[in-house]
Amino acid sequence: MEIRIFTGNAHPDLARRVAEALGVPLGKAVVDRFPDGEVRVRLLESVRGDDVYLIQPTSPPVNDHLMELLLLADAARRSSAGRINAVIPYFGYARQDKQTEGREPVSAKLVAGLLERVGVHRVIAIDLHAPQIQGFFDIPVDHLSAVRLFARYLRERGYAENAVVVSPDAGRAEEARRLSERLGLPFAMLAKRRYGPKETAVTYVIGEVAGKRPLLIDDIVSTGGTIRRGVEALLQAGALPEMVVMATHPVLVGEARENLAHPAIREVVFTDTIPLKDGGFKDGGYTVLSTAELLAQAIQHVHTNQSVSALI
């Protein structure tokens, strides 16, 4: 089977860079809209018997990009593809992994079922908001992590000196612990209480942060409110006002840019699982680390039946 890479409109630049890293051409497909907004998909190349990888984060607008992914998978299935692999750097609906109140759907489980129903054989994702989402699938899920990308960057920039790795809540504690072990740094955590989809409060800091540079690591930055409140709590606990904020998925809605412009934040580092609307910029703005090589390595390992664990 040959490796075939296709993409929708969510992040074609990332798909092109993954294809280049693999040394294969990006597959030709048409993904457009009817006048009423319906998504129309057509693969312009034969994929019969091939190992197809659909690179498509379900980033905002989430529903449009999810429908593109489902239709691409259905088109590949109806074209007799050998295997269909959904490469979803950012998995939308991941925050809806359980019922928080009565009479709510478990939306992440529904999305998992849709992907299986259209013929996806495997999912490759980066930093799922809730790792238990892997259990929503009855197909293999390779859950990659951006921790090693952040660790390498922090070393290169010298940020690991006199620092402490901080998790913004209990949900990110495992990733923060892994980063602290890679860098040989202490670990701290913020105790957070959520009052609704948009409202949280930091109640106290667990761990010693006084006199140290906090390295905050999260998976998603949406409005940035949690980060801002975390920074203020760390300052009150005696942390140095030269913090580094890292997050895998820059959703960035609402007042995100204002919240991330806190004077105690020295640098904000994202990955490119979601394209920044203005393209992102380094000087005076955000640093963006590429996930193309990580995804290319995962695809190569899957294609050749090698272990993906070494990449995690």
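This is a predicted model: local features need pLDDT of at least 70, side-chain atom pairs count only at pLDDT 80 or more; totals for chains, interfaces and linings use all residues.

**A chat about the chain**

Q: Which helix does Glu 175 lie in?
A: Glu 175 lies in helix α5.

Q: And what is Glu 175 in contact with, leaving aside its neighbours within four places in sequence?
A: With those neighbours set aside, Glu 175 is in contact with Asp 127 and Val 147.

Q: OK, next one. Where does Gly 171 lie?
A: Gly 171 sits in the loop between β8 (163-167) and α5 (173-183).

Q: Is Gly 171 buried or partly exposed?
A: Partly exposed: the relative accessible area of Gly 171 is 47%.

Q: How many residues apart along the chain are Gly 171 and Ala 130?
A: They are 41 residues apart along the chain, and 7.6 Å separates their C-alpha atoms.

Q: Let's switch to α1. Which of its residues are buried?
A: In α1, which covers residues 12-22, the buried ones are Leu 14, Ala 15, Val 18, Ala 19 and Leu 22. Looking down the axis of α1, you find these buried residues within an arc of 135°, so they line one face of the helix.

Q: Why would that kind of spacing put residues on one face?
A: An α-helix has 3.6 residues a turn, so residues three or four places apart point the same way.

Q: Zooming out, how many helices and strands does the chain have?
A: There are eight helices and 14 strands.

Q: And what about the radius of gyration?
A: The chain has 20 Å, which agrees with the value near 20 Å that a compact globule of 312 residues would have. Along the principal axes, the C-alpha trace spans about 60 × 45 × 35 Å.

Q: What share of the chain is buried?
A: Buried residues make up 54% of the 312 residues. Of the contacts with a separation of 6 or more, 64% come from residues 24 or more positions apart.

Q: Last topic, the surface and charges. What have you got?
A: The chain exposes about 14100 Å², with carbon and sulfur atoms supplying 48% of that area. As for charges, there are 37 positive and 38 negative ones, and their mean positions are 1 Å apart.

Definitions and conventions. Residues are numbered from 1 along each chain as its sequence is written. Side-chain values use heavy atoms; hydrogens and water are left out. Buried means under 20% relative accessible area, exposed over 50%, partly exposed in between (1.4 Å probe, protein chains only). Helices (H or I, at least four residues) and strands (E, at least two) are DSSP runs, numbered from the N terminus. The arc is that of the directions from the helix axis to the C-beta atoms. The radius of gyration is taken over C-alpha atoms; the globule rule is 2.2 Å times the number of residues to the power 0.38. Contact means heavy atoms within 4.5 Å. Accessible areas come from the Shrake-Rupley method with a 1.4 Å probe; for residues, only the protein chains shown count as cover. Lys and Arg count as positive and Asp and Glu as negative; His and the chain ends are not counted. The place of a charge is taken as NZ of Lys, CZ of Arg, CG of Asp or CD of Glu.
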